[in-house]
Amino acid sequence: ATMPPLLSAIANAGRHGVLVKSAVVMERLGRTDAVALDKTGTLTEGTPRVTDLRPLAGSGFSEDDLLALAAAAEHPSEHPLARAVVDAARTRGLALAAAEDFASTPGVGVTAAVDGRIVAVGTPARLINGRTDSAAARAAVIAAELEEAGRTAVLVEADGVPVGVLGIADRLRPDAAATVAALARLTGRTPALLTGDNPRAAAHLAAEVGITDVRAGLLPKDKVDAVREQEAAGRRVLVVGDGVNDAPALAAAHTGIAMGRAGSDLALETADAVIVRDELATVPAVVALSRRARSFVV
Ligand code: ADP
Ligand code: MG
């Protein structure tokens, strides 16, 4: 028996390593006329490494103290940056204290009680947020320096006082630039970059992959607004992301695809399709598959 074109396309997408959740989704993917890509874990491999340990002078913290405290607080988190911090601590053979009252704010960072101290680890811009005390000012200078070098800077605070900054770097996926170019050809519009990371690191990476429309420092709801803005202009937006912070945008978009290997459970559940083989280049491939299947469906 011959399979209906959309079902063959789903089977074909599966062979390419993309799990498309329904025939309706398979059909919608071909109507994509704008794409928004997340940065960390989507355009990048999502296995970032800690490259810099910068305890603040006068904090009394050594490099190891700083890393051990940050790793203890990050231990319960599934964020790729959290995994980088925990791995770095393990590599140095540091013992991690238990974290209590763990909480995470997507796009911002985490807080936890560690050894009787309230520890916060996350975006310098949001944690410092207008404070002018000397520790905050010195931390901001170090963060800017790291970001200028293309790193993601992560601030560590103990009881509300900055104690140091970590520099974290991630590698671009080998197929990122080719995927951006293929999606631009398919849709007639260069994809946009939506990221919670800092504008400097975002611009650095965007230039490498040929993206000019860069939105940085976004919270999950800002990613939704960026999608709605495009859809209000009459575009059907395909969002590709991996994080908890991408879930609302994945849900709001015309279609959403999640990175499966390192993607958060929430992103995988919310998305209309999941990339199982961990190749970004499968995104333009499934859009093309949908277009071909739709040409058989009237
Ligand atoms: P992206 O949108 O590029 O995937 P996220 O929104 O997940 O990035 O993260 C945005 C920023 O929020 C990060 O660059 C980091 O500064 C901060 N952040 C989020 N979660 C964490 C965490 N668990 N530990 C440290 N920093 C975090
Ligand atoms: Mg991400």
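Modeller: Happy to! Let us start with helix H4 (residues 63–74) and helix H5 (residues 80–91), whose axes come within 8 Å and cross at roughly 130 degrees. Angles over 145 degrees count as roughly antiparallel and 65 to 115 as roughly perpendicular, so H4 is oblique to H5. Their crossing is left-handed. On the H4 side you will find Leu 67, Ala 68, Ala 70, Ala 71 and Glu 74, and these meet Ala 82, Val 85, Val 86, Ala 88 and Ala 89 of H5. By type, the residues of this contact are 9 nonpolar and 1 charged, with no polar ones. Please keep in mind that this is a predicted model.

Now turn to helix H13 (residues 282–294), which packs with helix H1 (residues 5–16): the two axes come within 9 Å and cross at roughly 165 degrees. H1 and H13 are therefore roughly antiparallel to each other. This crossing is right-handed. Sorted by type, the contact of H1 with H13 has 8 nonpolar residues, 5 polar and no charged.

H13 also packs with helix H8 (residues 176–187), at an angle of about 25 degrees and with the axes 8 Å apart. That angle makes H8 roughly parallel to H13. The crossing of H8 and H13 is left-handed. Here Thr 179, Ala 182, Leu 183 and Leu 186 of H8 meet Val 283, Pro 284, Val 287 and Ala 288 of H13. The contact of H8 with H13 divides into 7 nonpolar residues, 1 polar and no charged.

With these pairs in view, let us step back to the whole chain. The protein has 13 helices and 13 strands. Its domain assignment gives domain 1, made of 5–45 + 172–294, and domain 2, covering 49–169.

How do the two domains touch? The contact brings 17 residues of domain 1 together with 11 residues of domain 2. On the domain 1 side, the elements giving two or more residues are helix H3 (39–43) and helix H9 (199–209). H9 gives the most to that side, with 3 residues. The domain 1 residues that touch domain 2 divide into 6 nonpolar, 9 polar and 2 charged.

Finally, a word on overall dimensions. Along the principal axes, the C-alpha atoms fill a box of roughly 70 × 35 × 30 Å. For 298 residues, a compact globule would have a radius of gyration near 19 Å, and the protein has 20 Å, which agrees.

Conventions:
Residues are numbered from 1 along each chain as its sequence is written. Chains are lettered from A and ligands numbered from 1 in the order in which they are written. This is a predicted model: local features need pLDDT of at least 70, side-chain atom pairs count only at pLDDT 80 or more; totals for chains, interfaces and linings use all residues. Domain bounds come from an automatic or database domain assignment. Two residues are in contact if their C-beta atoms, placed from the backbone, lie within 7 Å. Helices (H or I, at least four residues) and strands (E, at least two) are DSSP runs, numbered from the N terminus. Ala, Val, Leu, Ile, Met, Phe, Trp, Tyr, Cys and Pro count as nonpolar, Asp, Glu, Lys and Arg as charged, and the others, Gly among them, as polar. Axes are lines fitted to C-alpha atoms, for helices over the stretch in contact, and angles run from 0 to 180 degrees between N-to-C directions. Angles under 35 degrees count as roughly parallel, over 145 as roughly antiparallel, 65 to 115 as roughly perpendicular and the rest as oblique. A crossing is left-handed if the near helix is turned anticlockwise from the far one by less than a right angle, and right-handed if clockwise. The radius of gyration is taken over C-alpha atoms; the globule rule is 2.2 Å times the number of residues to the power 0.38.
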